[in-house]
Amino acid sequence: MYPNIRMRRLRNGKIGNLIRETSLGVDDLIYPMFVDETAESIVEVPSMEGVLRLPLSEVVSEARNVADLGISSLMLFGIPSQKDEKGSSAYGDNDIVQQATRAIKEELGDDMVVITDVCMCEYTSHGHCGIIDNETHDVINDETLPILGKIAASHARAGADMVAPSGMMDGMVGAIRQSLDQENFSDVPIMSYAAKYCSAFYGPFRDAADSCYCFGDRSTYQMDPANSDEALREVELDIMEGGDIVMVKPALPYLDIIYRIKQEFGMPTAAYSVSGEYSMLKAAAQQGWLDEKKVMYESLMSIKRAGADMIITYFAKEMAQLLNE
Ligand code: PBG
């Protein structure tokens, strides 16, 4: 009695390559980059080994390193030297992200797609993603929208190839689309953080970007981890408002959401593998408990397999190195 169907027949070497269903390539990777107006030299983020906060003067050479690995896109975050209640340092033409964007685009041109994070939390003194109501301490949605529009337009003027609103305000994609169109940036696409969960996996990022909030939490605007149908509604709205790419964030704990969204809408879908996903693998690898390269590859492959077309990941450089070997 032998099984006549044997799955193991195809599980060998070169044949295995032929039947591999999912691919992971350097083209799928987006590198997150932090530019810090207060830094005088490169500083490694303590909770994220290998992740750097760069002074403006180092941004171009780091972008060049990224491009040399074959990575064609980066996502830019800014750490301003001044913060106030209204996030005023987020939209000036000479603020940090705008300067960094101009510098990278001048030097690398079409070799690098610069995507900018559009949010207020790195720029507000209270660390929330919008204008705060002093009585309720909640973010006022509709007063925040025009500011997001201003931020996005300032990024586009600086040469950003795409803007990525991450604040989870209702109507943010529509407001940004309108603002970009008014300034003749109708060709600048919007990558919307459409389904962004209220996640504790963002912990290390708040170190990296100095964006800890000083009261409350983000549960009045970010999604409840228990919900999945709601993510489809969020995505649908962003598509209706003119979103070009939709994003799920975090990635690994939300693979089912990535899967459902890709199945339902067939839109270009991005996944943000967030700081906590990175730090937990790094920390376990440092202890010798996990094989770093293998878990990195397996995690990113699983995100592709779930349906993501592209992944924003702090592993981008290491993964590219491995894929290039
Ligand atoms: C800001 C923003 C956050 C991240 C990306 N953009 C943090 C937050 O919402 O608290 C998190 C990224 C990460 O954890 O890697 N709006």
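This is a predicted model: local features need pLDDT of at least 70, side-chain atom pairs count only at pLDDT 80 or more; totals for chains, interfaces and linings use all residues.

Q: Why is Asp 110 called exposed?
A: A residue is buried if 20 or more other C-beta atoms lie within 10 Å of its own, exposed if 12 or fewer, and partly exposed in between, with C-beta atoms placed from the backbone. Asp 110 has 8 C-beta neighbours inside 10 Å and therefore counts as exposed. Asp 110 is placed in the loop between α3 (96-108) and β5 (113-118); helices (H or I, at least four residues) and strands (E, at least two) are DSSP runs, numbered from the N terminus. From Asp 110 to Tyr 193 the C-alpha to C-alpha distance is 24 Å, at a sequence separation of 83 residues.

Q: What makes Gly 127 buried?
A: Gly 127 has 21 C-beta neighbours inside 10 Å, and therefore counts as buried. Its place is the loop between β5 and α4. Leaving aside neighbours within four places in sequence, Gly 127 is in contact with Cys 121, Ser 211, Cys 212, Tyr 213 and Cys 214; contact requires that the C-beta atoms of two residues, placed from the backbone, lie within 7 Å.

Q: Why is Asp 207 described as partly exposed?
A: Asp 207 has 17 other C-beta atoms within 10 Å, so the residue is partly exposed. Asp 207 belongs to helix α6 (residues 203-208). Not counting residues up to four places away in sequence, Asp 207 touches Val 45, Pro 46 and Ser 47. Asp 207 and Val 45 are 162 residues apart in sequence, yet their C-alpha atoms are 7.0 Å apart.

Q: Why is Asn 184 called exposed?
A: Asn 184 has 10 other C-beta atoms within 10 Å, and is therefore exposed. Asn 184 follows α5 and lies in the loop between α5 and β7. Phi of Asn 184 is near 65 degrees, a positive value in a residue other than glycine.

Q: Which residues of helix α5 are buried, and against what do they pack?
A: In α5 (residues 172-182), the buried residues are Met 172, Val 173, Ala 175, Ile 176, Arg 177, Ser 179 and Leu 180. They pack against β5, α4, β6 (162-165), β7 (191-196) and α7 (229-240).

Q: Why are α3 and α4 called roughly parallel?
A: Angles run from 0 to 180 degrees between N-to-C directions, and axes are lines fitted to C-alpha atoms, for helices over the stretch in contact. Angles under 35 degrees count as roughly parallel, over 145 as roughly antiparallel, 65 to 115 as roughly perpendicular and the rest as oblique. α3 and α4 (residues 141-158) pack at about 25 degrees, with axes 8 Å apart. α3 is therefore roughly parallel to α4. In their contact, Val 97, Gln 98, Thr 101 and Arg 102 of α3 meet Ser 154, His 155 and Ala 158 of α4.

Q: What makes α10 roughly perpendicular to α11?
A: Helix α10 (residues 292-306) and helix α11 (residues 316-324) pack at an angle of about 100 degrees, with axes 11 Å apart. α10 is therefore roughly perpendicular to α11. The contact comprises Lys 293, Met 296, Tyr 297 and Leu 300 of α10 with Glu 318, Met 319 and Leu 322 of α11.

Q: Which residues surround the ligand?
A: They are Asp 117, Cys 119, Cys 121, Cys 129, Ser 166, Gly 167, Tyr 202, Phe 205, Val 274 and Ser 275; a residue is near a molecule if its C-beta atom, placed from the backbone, lies within 6 Å of it. The shell divides into 6 nonpolar, 3 polar and 1 charged, where Ala, Val, Leu, Ile, Met, Phe, Trp, Tyr, Cys and Pro count as nonpolar, Asp, Glu, Lys and Arg as charged, and the others, Gly among them, as polar.

Definitions and conventions
Residues are numbered from 1 along each chain as its sequence is written.
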